[in-house]
Amino acid sequence: MSAATLTAASSESAKSFLLQRAQPAMTGLIDGSLSTLAPIFAVALATHQPRYAFFAGLATALGAGVSMAFSEGLSDTGELTGRGNAYLRGAITGAGTFLGGILHTLPFLIPQYRSALILAVAVIAFELLTLSWIRSRFFGTGFLGSFVSVTLGGAIIAAVSAALGGAAG
């Protein structure tokens with residue numbers, strides 16, 4: 001096998017990995033990390049009860065994970081697009097969504113409101129940094145640009161949830 005053939009095969013393998021594994025995982029992680037912020041923090045700010053915020057976050061992470069799994073799995077069969085097995089892509093996206101949503105939900109198991117809130121914000125900062133690194137590492141985007149983009153989405157959602165939580169509480 002020639003060097004050119006090996007390089008082409010390696011390039012095709014890398015492209016398949018990106019389309020079939022990394023991109024579905026990234027979509028799930030971003031969706032889970034961002035879409036679950038509003039309900040969790042709206043409940044936390046409205047009630048000042050970490051337990052309620054935890055259950056809101058758990059329900060949202062589970063619901064979003066299932067929804068994203070079906071959305072990705074049913075979006076295409078993968079045959080025409082080369083995106084691979086629809087069920088596997090759906091499972092990867094759903095798991096990523098759940099993981100992205102549950103990470104900043106877990107601090108609300110702490111019964112002290114202020115401690116839970118501070119730890120949840122720290123976890124969100126970690127998530128944003130991790131998402132930016134993943135985008136930079138696998139998709140060739142700049143780390144800073146990725147961080148700004150992901151953080152902007154999170155800031156918009158945080159503002160909405162703070163407004164809703166403040167209005168309710």
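1. By class, the lining of the largest pocket holds ten nonpolar residues, three polar ones and no charged residues. The model is a predicted one. The volume of this pocket is about 190 Å³. Of its 13 lining residues, the closest to the centre are Leu37, Phe41, Ile124, Gly154 and Ala158.

2. Which helices give two or more residues to that lining? They are H2 (37-47), H5 (113-139) and H6 (143-168). Helix H6 provides the largest share, with six residues.

3. Four salt bridges turn up in a search of the whole structure. Side chains of opposite charge can pair when their charged atoms come close. Here, Glu72, Asp76, Arg83 and Arg89 are joined in a network of salt bridges.

4. Glu72 and Arg83 meet through their side chains at 2.5 Å, N to O. The pair links distant parts of the chain, eleven residues apart. Glu72 sits in helix H3, and Arg83 in the loop between H3 and H4. Both Glu72 and Arg83 are buried.

5. Arg83 also forms a salt bridge with Asp76. The closest N and O atoms of that pair are 2.9 Å apart. Is Arg83 buried or exposed? Arg83 counts as buried because its relative accessible area is 14%, and the cut-off for buried is under 20%.

6. Asp76 has a salt bridge with Arg89 as well, at 3.6 Å, N to O. Arg89 lies in helix H4 and Asp76 in the loop between H3 and H4, so this pair ties together parts that are 13 residues apart in sequence. Arg89 has a relative accessible area of 0%, so it is buried.

7. On the surface, Leu99, Leu103, Leu106 and Leu109 form a nonpolar patch. Together these four have about 330 Å² of accessible area. Leu109 belongs to the loop between helix H4 (86-103) and H5. Why does Leu109 count as exposed? Its relative accessible area is 54%, and exposed means over 50%.

8. Gly100 is placed in helix H4. Its relative accessibility is 2%, so Gly100 counts as buried. How far apart in space are Gly100 and Leu34? The separation is 7.9 Å, C-alpha to C-alpha, and the two are 66 residues apart in sequence.

9. Gly63 is the other glycine. Its place is in helix H3. Gly63 has a relative accessible area of 40% and is therefore partly exposed.

10. A backbone point: phi of His48 is near 60°. That is a positive value in a residue other than glycine. Where is His48 found? His48 lies in the loop between H2 and helix H3 (50-75). At 44% relative accessibility, His48 is partly exposed.

Notes:
Residues numbered from 1 in each chain as written. Predicted model: local features only at pLDDT ≥ 70, side-chain atom pairs only at ≥ 80, totals over all residues. Heavy atoms only, no water. 1 Å grid on protein atoms, 1.4 Å probe; cavity = no way out; pocket = protein on both sides within 12 Å on 5 of 7 lines; lining within 4 Å. Points joined across faces, edges and corners; volume = space filled by probe spheres on them. Helix = DSSP H or I, 4+ residues; strand = E, 2+ residues; numbered from the N terminus. Nonpolar A, V, L, I, M, F, W, Y, C, P; charged D, E, K, R; others polar. Patch = residues over 30% accessible without salt bridge, like charges linked within 9 Å, V, L, I, M, F, W, Y side chains within 5 Å. Areas by Shrake-Rupley, 256 points an atom, 1.4 Å probe, with all protein chains shown as cover. Buried < 20%, exposed > 50% of the residue type's maximum accessible area, 1.4 Å probe, protein only.
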